[in-house]
Amino acid sequence: MQLTDFKALTFDCYGTLIDWESGIISGLSKLTTRLEQPLTRDQILEAHAQHESYQQVVTPELPYNQLLQVVYKRLAEEWGIRYSWDEAVAYGHSIRDWPAFPDSASTLQYLKKYFKLVILSNVDNESFKASNARLAVEFDAIVTAEDVGAYKPSHRSFEYLFDVLSSIGVKSDETLHIADSIYHDHQPAQQLGLRSCWIHRRFEQRGFGATLRTLVEPSVEFKFTSMAQLVKAHHEQLSNG
């Protein structure tokens with residue numbers, strides 16, 4: 001199987017195309033600078049992952065920017081730090097400031113020439129507009145948690161995606177799902193028979209960062225450490241016929 005065999009590429013956004021871990025760390029800086037005992041970057045991200053994933057299960061209807069307000073509150077309570085609700089609201093709005101990975105926009109523009117491009121993201125529609133501007137490409141379809149009323153790894157997210165793909169003339173077996181998170185993306189994709197490609201952004205780091213820890217590596221068709229590597233592989237396959 002080759003990358004050139006597919007008709008559409010579906011993308012997780014945050015962690016794959018947008019550097020959400022840097023965004024999270026920056027957005028939480030007002031809290032973390034008040035800690036009596038400093039936490040490591042990974043300790044902060046792992047605490048965030050625990051509260052975020054719990055909140056996504058118990059309030060799946062809550063838009064992501066509002067859900068992050070609750071996560072901010074829970075982190076402040078866990079760490080015993082005084083906070084204001086205005087700070088929590090500002091953290092929810094900080095999604096619009098999260099940076100794209102340096103290789104995201106250019107590689108998406110390249111891939112747009114050969115594939116239909118679709119987003120499947122645990123985000124709200126308003127926040128994604130700012131991220132989309134950073135990615136500088138027109139997606140053929142955008143599916144958010146706000147659209148679905150559920151957060152990945154819920155199978156509802158992927159079932160909704162399959163309906164959207166069908167509406168633009170693409171079958172699920174013609175689709176490759178591209179993501180970093182094992183927990184949010186690769187495990188449910190495998191369970192539903194959707195082929196996937198792992199962009200392992202944290203390959204030089206220990207731990208799972210801002211996603212929940214999983215016990216095994218995903219079974220994927222392709223694995224790269226960057227979007228640039230994926231594009232290089234695709235270009236080589238085209239050149240080799």
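Which residue just after α10 takes a positive phi? Select glycine 193: its phi is about 80°. Before moving on, note that this is a predicted model, where local features need pLDDT of at least 70, side-chain atom pairs count only at pLDDT 80 or more, and totals for chains, interfaces and linings use all residues. Residues are numbered from 1 along each chain as its sequence is written, and side-chain values use heavy atoms, with hydrogens and water left out. Element names follow DSSP runs counted from the N terminus: helices are H or I of at least four residues, strands are E of at least two.

**Stop 1: the sheet**

Show the strands. You get an open sheet of six, ordered β3-β2-β1-β4-β5-β6, with parallel pairing; two strands pair if DSSP finds at least two bridges between them. The edges are β3 (141-144) and β6 (222-224), each pairing on one side only. On average, neighbouring strands here are turned by 20° against each other, direction ignored; axes are lines fitted to C-alpha atoms, for helices over the stretch in contact, and angles run from 0 to 180 degrees between N-to-C directions.

**Stop 2: β4**

Now select 175-179, which is β4. Five of its five residues are buried, so β4 is largely enclosed by the rest of the structure. Buried means under 20% relative accessible area, exposed over 50%, and partly exposed in between (1.4 Å probe, protein chains only). In a regular strand the side chains alternate between the two faces of the sheet.

Strand β1 (residues 8-11) pairs with β4 in the parallel sense over four bridges, and threonine 10 has histidine 177 as its bridge partner in β4. Strand β5 (residues 196-199) also pairs with β4 in the parallel sense, over three bridges; look for alanine 179 opposite tryptophan 198 in β5.

**Stop 3: serine 181**

At 5% relative accessibility, serine 181 counts as buried. What does serine 181 cap? The N-terminal end of α10: a side-chain oxygen of serine 181 lies 3.4 Å from the backbone nitrogen of tyrosine 183. For polar contacts the cut-off is a pair of N or O atoms within 3.5 Å; within protein, one must be able to donate a hydrogen and the other to accept it, and residues adjacent in sequence count only if both atoms are side-chain atoms. Leaving aside neighbours within four places in sequence, serine 181 is in contact (heavy atoms within 4.5 Å) with His186 and Thr211.

**Stop 4: α10**

Select the whole helix. α10 lies across β4 and β5, running at about 155° to β5. Seven of the ten residues of α10 are buried, so the helix is largely enclosed by the rest of the structure. Colour the buried ones: Ile182, Tyr183, His184, Asp185, His186, Pro188 and Ala189. The cover over them includes α1 (20-27), α3, α9 (155-167), β4 and β5.

**Stop 5: the cavity**

Where is there empty space? Rolling a probe the size of a water molecule over the atoms shows where empty space is left. A search of the whole structure finds one cavity of 30 Å³ or more, and about 130 Å³ of space lies in the largest cavity. On a 1 Å grid over the protein atoms alone, a cavity is a set of points where a 1.4 Å probe fits but cannot get out, and lining residues have an atom within 4 Å of a point. Grid points are joined across faces, edges and corners, and a volume is the space filled by probe spheres set on the points. Select Asp12, Tyr14, Trp20, Asn122 and His184: of the 15 lining residues, these are the closest to the centre of the largest cavity. The elements giving two or more residues to that lining are α3 (41-58) and α10.

**Stop 6: loops**

- Proline 153, in the loop between α8 (145-148) and α9: the peptide bond from lysine 152 is cis, with omega near 20°.
- Alanine 136, in the loop between α7 (125-135) and β3: its phi is positive, about 55°, although it is not a glycine.
- Glutamate 36, in the loop between α2 (29-32) and α3: at 78% relative accessibility, it counts as exposed.

Methods
1 Å grid on protein atoms, 1.4 Å probe; cavity = no way out; pocket = protein on both sides within 12 Å on 5 of 7 lines; lining within 4 Å.
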